[in-house]
Amino acid sequence: MKPIEPLAFFDDSAHARWRSDFPILEERVHGKPLVYLDNGATTQKPASVIEAERAYYLHSNANVHRGVHELSQRATDAYEGARARIARFVNAARTEEIVFVRGTTEAINLVAQSAVRPRLQPGDEILVSAMEHHSNIVPWQLVCAQTGAQLKVVPIDDSGTLDMAVCERMLGERTRLAAFAHVSNALGTINPVKQLIELAHRRGVPVLIDGAQAIAHLRVDMQALDCDFYAFSGHKVYGPTGIGVLYAKARHLEAMPPWQGGGDMIRSVTFEQTEYNAIPWKFEAGTPNIAGAIGLAAALDYVDAIGIDAIGAHEAALLAHATQAIGALPHIRLIGTAREKAGVLSFVHEEVHAHDVGTILDHEGVAVRAGHHCAMPVMQRFGVPATVRASFGLYNTRADVDALLRGLSKVQEVFGR
Ligand code: PMP
């Protein structure tokens, strides 16, 4: 265990200011101040994001790309401006490489059905890891069932670390795509994605990275990573629900057929023949989530104003503190102890079910996730039905970790263990 680095915490005045940017943190639950430690499921929204959506509906609401009138122009400018903002945030080479979708899940399904399915033959392989979220498993199972391809799974060790040597061996002649989480939602493991991408590319295999749990915690740079596809959700990076991003290299998007048909994704339509729109609009059939895109751009402005490196350092310090304190409690076993971790602490109480722990914590005002975290194969790998997961965001403090510790001593009181 690395010693805790106190200087990595935000200084108190700055941190208090950032906390005060999130109105919901003033809520009380069960008469107690809210301690929100379920950021892996979704993050809270700063006032600037709420205001950006409100301002859009108050002053600019109209459909995009369609009207000649002023409001439609404003809405289109704001929507396309949001795309450019996101491209900058992830350092995409071109703005057209950003496709708006509902979230990570939809992004992965889009890649599965449009980029991968047409290239799959019976016996071909898709490679994933044993720590994936269901969103990065089931779309591949569907596409395998549709084509006769097979899903191959790279194992993880007891700390929740990917076995890179096995991974290298599993990247074979028949591998058509490798799909890995950047950060595991159930374990917190940060995967060496740059190395994984290099390995796969050496064998000519394109890579999709599920960035749902990375985008709010780590610097993410599409050009430095050289990944083919990167998916994330707005709601996990202080933005709205219902909006997310598929980043894909332009040449992949150009080669992919549309996934859904409808308005906006066409250039011209006759009953005989339809010509599709240019990228990225070819993949955005129907009226998009305009307010969501604008809210997401505001969220990224917010994150950039603080600095993702400062956020990551703060969360790393919180994680180190929580790991040391909670790991030392009797009956507690940490699940996920990889060397490289983001702000996720999963654990089980050896004698009390995770749901009971979660319920007692809730009554203390502490919001955590208890369950399988949509990663049932991870639970099977560790032989547990569920874990309790505390996951950190930029507004969490040492006091929040201490509240979690007090809640866990309540569990001990209630259950006598
Ligand atoms: N992948 C990972 C690693 C996740 O943590 C999540 C959300 N828990 C998803 C995918 C799915 O994200 P969404 O539900 O926003 O589509």
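Predicted model: local features only at pLDDT ≥ 70, side-chain atom pairs only at ≥ 80, totals over all residues.
Biologist: How far is the side chain of Ser 233 from a ligand oxygen?
Modeller: The distance is 2.7 Å, taken from an N or O atom in the Ser 233 side chain to an oxygen atom of the ligand.

Biologist: How much of the ligand's accessible area does the protein cover?
Modeller: On its own the ligand has 400 Å² of accessible area, and the protein covers 86% of that.

Biologist: Which residues surround the ligand?
Modeller: Gly 103, Thr 104 and Thr 105 are among them, along with His 133, Ser 135 and Asn 185. The list also includes Asp 210, Ala 212, Gln 213, Ser 233, His 235 and Lys 236.

Biologist: How does that shell divide into nonpolar, polar and charged?
Modeller: One residue of the shell is nonpolar, nine are polar and two are charged.

Biologist: Switching to the fold. What is the strand order in the sheet of seven?
Modeller: The order is β4-β10-β9-β8-β7-β5-β6, in an open sheet with mixed pairing.

Biologist: Which strands stand at the edges there?
Modeller: β4 (98-101) and β6 (150-154). Each has a single partner strand, so one side of each has no neighbour in the sheet. From one strand to the next, the twist averages 20 degrees.

Biologist: Do β5 and β6 run which way, parallel or antiparallel?
Modeller: Parallel, with five bridges joining β5 (residues 125-129) to β6. Within that pairing, Leu 127 has Lys 152 in β6 as its bridge partner.

Biologist: What about the sheet of four strands, what is its order?
Modeller: That one is also an open sheet, with the order β13-β14-β17-β16 and antiparallel pairing. β13 (332-335) and β16 (369-371) are the edge strands; each has a single partner, so one side of each is left without a neighbour in the sheet. The twist here averages 30 degrees from one strand to the next.

Biologist: How many bridges pair β13 with β14?
Modeller: Four, in the antiparallel sense, with β14 covering residues 344-349. One of the bridge partners is Phe 347 in β14, which pairs with Leu 334.

Biologist: What is the phi of His 331?
Modeller: It is positive, about 70 degrees, although His 331 is not a glycine. Most residues other than glycine have a negative phi. His 331 lies in the loop between α11 (308-327) and β13.

Biologist: And the peptide bond from Ile 279 to Pro 280, cis or trans?
Modeller: That bond is cis, with omega near 0 degrees. Most peptide bonds are trans. Pro 280 is in the loop between β12 (274-276) and α10 (290-306).

Biologist: Last topic. How many salt bridges are there in the whole structure?
Modeller: A search finds 22.

Biologist: Where do Asp 38 and Arg 389 lie in the chain?
Modeller: Asp 38 is in the loop between β3 (35-36) and α2 (47-59), while Arg 389 is in strand β17 (residues 387-391). The two are 351 residues apart, and the pair links distant parts of the chain.

Terms used. Residues numbered from 1 in each chain as written. Heavy atoms only, no water. Pairing = 2+ DSSP bridges. Axes fitted to C-alpha atoms, helices over the stretch in contact; angles between N-to-C directions. Near = heavy atom within 4 Å. Polar contact = N/O pair within 3.5 Å; in protein donor to acceptor, adjacent residues only side chain to side chain. Areas by Shrake-Rupley, 256 points an atom, 1.4 Å probe, with all protein chains shown as cover. Nonpolar A, V, L, I, M, F, W, Y, C, P; charged D, E, K, R; others polar. Salt bridge = Lys/Arg side-chain N within 4 Å of Asp/Glu carboxyl O.
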